[in-house]
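Could you walk me through this structure?

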Amino acid sequence: MSATRSKYIQGSTGPWEIVVGLEVHCQILSAAKLFSGAATEFGADPNSQVSFVDAAMPGMLPVINKKCVEQAVRTGLGLKAKINLTSVFDRKNYFYPDLPAGYQISQYKNPIVGEGEVFIDLAGGETVRVGIERLHMEQDAGKSLHDQHPDHSFVDLNRSGVALMEIVSRPDMRSSEEAAAFLKKLRAIVRYLGTCDGNMDEGSMRADVNVSVRKPGAGLGTRCEIKNVNSMRFIAQAIEFEARRQIDVLEAGGTIKQETRLFDSRAGETRSMRSKEEAHDYRYFPDPDLLPLVLDQALVDEIAASLPELPDEKRVRFMQMGLSAYDATVLVAERETADYFEAMLAAGADAKAAANWLNNEYFGRLNKAGLSIADGPVPAAANSAIVQMVSADVISGKIAKDVLDVVWSDGGDPRAIVEERGLKQVTDTDAIEKAVDAVIVANPDKVEAAKAKPQLVGWFVGQVMKSTGGKANPSAVNAILKARLGLPEGG
Amino acid sequence: MALPTDPTDFSLAEAREAVAAKKISSLELTAAFIKAVEAARPLNAFVTETPERAAAMASESDARLAKGVVRPLEGLPLAIKDLFCTKGVRTTAGSNILSNFVPPYESTVTQNLWNAGAVLLGKTNMDEFAMGSSNETSHFGPVISPWRSRGSNAKLVPGGSSGGSAASVSANLCLAATGTDTGGSIRQPAAVTGSVGMKPTYGRCSRWGIVAFASSLDQAGPMTRTVRDAAIILKAMASVDPKDSTSVDIPVPDYEAGLESGVKGLRIGIPKEYRMDGAPPEIDAIWNKGAQWLNAQGAEIVEVSLPHTKYALPTYYIVAPAEASSNLARYDGVRYGRRAKDVHDIVDLYEKSRADGFGPEVKRRILIGTYVLSSGYYDAYYLRAQKLRTLIARDFTEAFRQCDVLLTPATPGPAFAIGEKTADPVSMYLNDVFTVTVNLAGLPGLSVPAGLTAEGLPLGLQLIGKAFDEATVLCVGRAVETAANFTAKPQKWWRAA
C-alpha cells in the first residue's frame, strides 16, 4: 500500500522515499495550568499568570489538574487509542532560565494514552492510516525575551506550567502533503473534541518533525528531528528541504547524523542545532512529588459517552445523506463548518441542496472576504431559508444569489426580503404564456430562425425572463416556449 | 503536681496548663524563652530570632485567653527548623544560596501550629538543606550541643540535621521545636541530646512549604522534652493537605488520649540485624534494658528479622541524593536567593551562583545524585535502589505480622566532637544506620531518651510502628520514658560564657 501512494523524489542515483513522523504539542484547553491554579489566557501581561508553583519557589508542590487529565483522556479516545489507567509523571532535568524548577514534569515511560490511529484524506480521494504511538501530558516552559534590553534577557513565566499534550505519530507519512494532511486532521479532531484550540499562530499547536529518506523498499534511514515548526506551510517546506538535503548528502557518499535541526522560515532551510552526542542527558526519573496517576474505568467510560461525533463518522453520515465524498470531506474539515451545515438542515434545508449552496456560493464569498464561517454575516437559518425557497420553486437560483447578497450586506430574513421586494418566482402558467406570446408576437423573424435553429430558444428564454424581472420559473418558460414554437420537448 | 519555678523548665503540657489556668501569661512565658534564647547564643542554635513577632503573637494569645478562647497550643512558644517557609521571616535552609530569602507564604505545618495558637520564637540552625548528621554543614556555622562529656570542655555536635531544634529543646530555649527527618534528622539529634523526636508516617504531615531535600523521604515531626509533648505537637502539625498530593487523608487521632494505655499484651519486635558487630557495648546494653522495661510492663518480646537492613544505607545514599540533585536545581540565582555578580552569560551565572551558594556536602550529594540518574547508570543505581527500597519495606510488613512495634537503638553511639567526622563522610553517614530504614519504608519512628553513657552523654531508643499507627508508637514510647526516668539535663555552661 505504501509503495503505491509514495511520491518518490528523484535523485541522481534513482528514486528516494521520504519517511515522516510528527510529535505534535497541543496546549490543553483548560482555564488553569497542569499543576497549579494559575490562569492560562493568551496575551496577558508578562509574569501576570504565575503561581508560586510555576516560579518553582522553595517548598512548592505540584497538584494535578483533573480537568487537564480528562482532556487528555478525551483526546486519546478521539484518537481511538488505548487509555492507560495507570500513568506516571517523570522529571526531565535540564537547566534553562525559562524552566524555573530545573526540570519539566512530563510522562516518559508510562504515558496516559497508548496506541491509536488517525485517518488522513488525500487530495486524490485516497485515505491513509497514520498510527499514533502515544499521547502524554507535560508542562510547557516559560519564554525567554532577548529583545527588551541591550544586555539583559528577561523571562516571562506566563506559559510556565501550562498543560500540553504531546501526540507522537508513527513514521507512517511518506510526503510533505501527508504530513500536512495529518496535522490538519489532528487539528480538526482536537477542535471537535474541544481539547485544544489548534491555534498555531498563538503556539497552541506546534510540531517537531522527524524526517528520514530511504531507497524504496529499504529499511528506515537515520532521522533528523526538526524542532518547533509552527505552521502547516513551514512543515511542508521543512520536510521538502530536509529530504532533499539528506538525499544530497547520501548521494555524495556521506552519512546522515542523527541530530536536532532548526527550521529557518526566512531562509527556507533547516540548520543543525545539536548532534546526538551533544544531546542533553535528561536524567528522567519518576517525580516523587506526584503519586502515579490512577484513573477509574468509570471516568473513562463517562468521557467516552460524552464524545462528540468526530469528522470521520460525520463524513460517513453526510455521505449517507447523499453528499459526494468531496462535499462531505469539505464540510467535516472544521467542526464549525459541519455545525453550520447541520444547523441549515435542522432549519429545514435539504442536505444535498445545502451542501451545494455552501460549496458553490457561501464559502466563496467567505474566502473572498477573508472570513471564517463563525465570523460570516449570514446565519445558518438564513442560508437554510434561501436554499429551501429554491427547492420549493419559490425563487430561482439566480434570485437566490441576489437574496444572499442582500442578507450578506444588510442582514434580514430572506423570506421577508423575497416577499417585500416581490422576488417570488412566477409559476402561474397564464402569466408566463402571456409573456411568451408577447415576445413571439414582437419578434416574427426570430421565430422563423428558431424553427431552423432550435438553440435560439435560449434567446427567447432570456427575453421572457427579462420581461418578467427574472421571476418566471425557467423550466415553465422553456416548456411553453417549445410548445409555442413547435419544437420537440426536452433537448 | 508542683510546677518548676523557672517557666523555661516547663514541659509543653505543663506550660499549657499554666497558661490556661492563667498562672502565667503567654507574654511572661514567651519573655522568659526570649531571654533564654539570647543567653544561649554561644550554642548558635538559631539562625533567626523573632522576639518582636513572638511578643506580638503572645499578646494576641493573651487577648484570646482573656476572652476564654483557648486553642490547643494557645500562647506556647516554639522554635521552627529553618527549613519551614515562614511568611515574612527569612528562611535559609542553612544555606548561603537562600541566605536572603524571605518567603511570601507560610508552610502548611507551621500554619497549622499558628492556627492552634503557638508562638514563633525563631528559626533554628540546621545542616545545609538538611544534609548532615552533625549540624556542621550549616552555612551559619555549627550548632554546639548543650551537652558535654563528664569532665571535658570539648564542644560536641547536637546531631543533625535538626541540630538547632534539638539543642533548643534540650537547653530549654523553647517548649518544643519542629524538625524534618529524611534519614534520621529528627530522631538522631533527639537521641544524642536527650530529647524526644518523632518522624511520623510519610504523608501524615504536609510537605507544602518545607524546602525539599528528598521528596519521597522528607517528613516533618515534633522534637520535645517529653513523649506527651510530642503527642500534643504532632496532633497540631498533622493534616491532609490538598496542596501536597502525597499527604494522606486519614483522620488525625488524639494521640495524647491513648498515651497511658500501657503496653500489656503488645508484642515488641527486636530486629536481629540491628545488632551490629563493633557496636559500642553501651548501645547493646541500653537496648536490652529497653526490652526488659517493656517486658516488665507486660509486653511480649519477640525476635524478628529485617533481612535487607544491610542494604538500607547504600539504598538511601542513592535515592536521597538523586531526588536532591533534581530538587536543588531550582536554586539557580535567576528568581530568588543569591545571585553571583560579574557574570558574562547564563551558564556562568548558574555556575558561579551555585558554586558560591552551596557548601561541600550539598555539592557532594548533587554530584552523586546526578551521577546515579545519568543515562547508562540509572538502571544500575537508581532502579536497583528502588527495588531494594521495595524489599526493605516488605521486610517491615513481614515483621509486623509478628509484632506491633519494633524496638531498636536510635543511633550507633552518643554525640561526637565537632570536627571528629567531617573528614570522613562515610563514618558520618553511618550515624543514620538505624534510622534510614524507617524513611525508606515510610513508617513512623520515635526516639526516646533512655540513659547516659559512662561519660554522661544521652543515648536514645527508637520505636518503629506500622504506617499511621503513631498512637501505638507514642504509647510504647511513653512506657519506655516512664521506665527510663531520664531526668538528666545539660549544665547551662553557656550562660557563664
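Here is a short tour, from the sheet to a helix and then to the chain contacts. Keep in mind that this is a predicted model.

Let's start in chain B, with an open sheet of 11 strands. Reading across it, the order is β1-β3-β2-β4-β6-β5-β10-β11-β9-β7-β8, and the pairing is mixed. At the edges sit β1 (46-49) and β8 (300-304) of chain B, each of which pairs on one side only. Going from one strand to the next, the twist averages 30 degrees.

Now zoom in on one pair of strands in chain B. Strand β10 (residues 445-452) and strand β11 (residues 458-465) run antiparallel and are joined by 7 bridges. To find your place there, look for S447(B), whose bridge partner in β11(B) is Q462(B).

Next comes helix α5 of chain B, residues 163-170. Because 8 of its 8 residues are buried, this helix is largely enclosed by the rest of the structure. The buried residues include G163(B), G164(B), S165(B) and A166(B), as well as V169(B). And what covers them? Strands β1, β2 (77-81), β3 (119-124), β4 (176-181) and β6 (219-224) of chain B are among the covering elements, along with helix α6 (187-192) of chain B. Just after α5(B), have a look at N172(B), which takes a positive phi of about 60 degrees.

Finally, step back to see how the two chains meet. On one side are 23 residues of chain A, in contact with 33 residues of chain B. The chain A side of this contact divides into 16 nonpolar, 3 polar and 4 charged residues.

How values were computed. Residues are numbered from 1 along each chain as its sequence is written. Chains are lettered from A and ligands numbered from 1 in the order in which they are written. This is a predicted model: local features need pLDDT of at least 70, side-chain atom pairs count only at pLDDT 80 or more; totals for chains, interfaces and linings use all residues. Two residues are in contact if their C-beta atoms, placed from the backbone, lie within 7 Å. Ala, Val, Leu, Ile, Met, Phe, Trp, Tyr, Cys and Pro count as nonpolar, Asp, Glu, Lys and Arg as charged, and the others, Gly among them, as polar. Two strands pair if DSSP finds at least two bridges between them. Helices (H or I, at least four residues) and strands (E, at least two) are DSSP runs, numbered from the N terminus. Axes are lines fitted to C-alpha atoms, for helices over the stretch in contact, and angles run from 0 to 180 degrees between N-to-C directions. A residue is buried if 20 or more other C-beta atoms lie within 10 Å of its own, exposed if 12 or fewer, and partly exposed in between; C-beta atoms are placed from the backbone.
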